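Here is a briefing for a reader who is new to this structure. Please look over the sequence and the model before going on to the notes below.

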Amino acid sequence: TFEPHSGSVAETYESMKALLEAVPALGVAYDPSHFVAMDLEVTKSAFLLPRTAHVHLRNAVKGNFQAPMDRGVLDFAWVVKQLRAHDYDGALAIEYLDQREDMPAIGADIVRLRELLLGLTAA
């Protein structure tokens, strides 16, 4: 799999599509926080979902792929709905990086995101 993000060979939706076309067996590690950080419209990432093999989730803001739950803008309900619509049945990994100056204490954010995801996936 590859994980599209800033500084990689796949940091635009066009380059992601080109990579998927060039390597038909390639899967995606889907992490929409990177799209938020790069100021890409997350809803335009749905073309990645049929090839998604793994999902990483955390909240984000423009310019930063990691943000506290109360400041981030990622629409987790949309993400979960789209994953279901594309028959994704794998795990949802919460991926917050520890020991960052902008988020010195991530434990509460992990718990909040876990509870939100449990509520969104309970149906």
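Two strands are taken to pair if DSSP finds at least two bridges between them, and helices (H or I, at least four residues) and strands (E, at least two) are DSSP runs, numbered from the N terminus. This is a predicted model, in which local features need pLDDT of at least 70 and side-chain atom pairs count only at pLDDT 80 or more, while totals for chains, interfaces and linings use all residues. Residues are numbered from 1 along each chain as its sequence is written, and side-chain values use heavy atoms, with hydrogens and water left out.

**The sheet**
- Three strands form an open sheet in the order β1-β2-β3, with parallel pairing, and its edge strands, β1 (28-30) and β3 (92-94), each pair on one side only.
- β1 is joined by three bridges to β2, which covers residues 52-57; Val28 has Thr52 as its bridge partner in β2, and Tyr30 stands opposite Val55 in β2.
- Three bridges also join β2 to β3, where Ile94 is the bridge partner of Leu57.

**The helix across the sheet**
- Helix α3 (residues 76-85) lies across β1, β2 and β3, with contact meaning heavy atoms within 4.5 Å, and runs at about 165 degrees to β2, where axes are lines fitted to C-alpha atoms, for helices over the stretch in contact, and angles run from 0 to 180 degrees between N-to-C directions.

**Ala122**
- Ala122, in the segment after α4 (107-121), counts as exposed because its relative accessibility is 64%, exposed meaning over 50% (1.4 Å probe, protein chains only).
- Pro4 and Ala122 are 118 residues apart in sequence and 28 Å apart in space, C-alpha to C-alpha.

Note on methods:
Buried means under 20% relative accessible area, exposed over 50%, partly exposed in between (1.4 Å probe, protein chains only).
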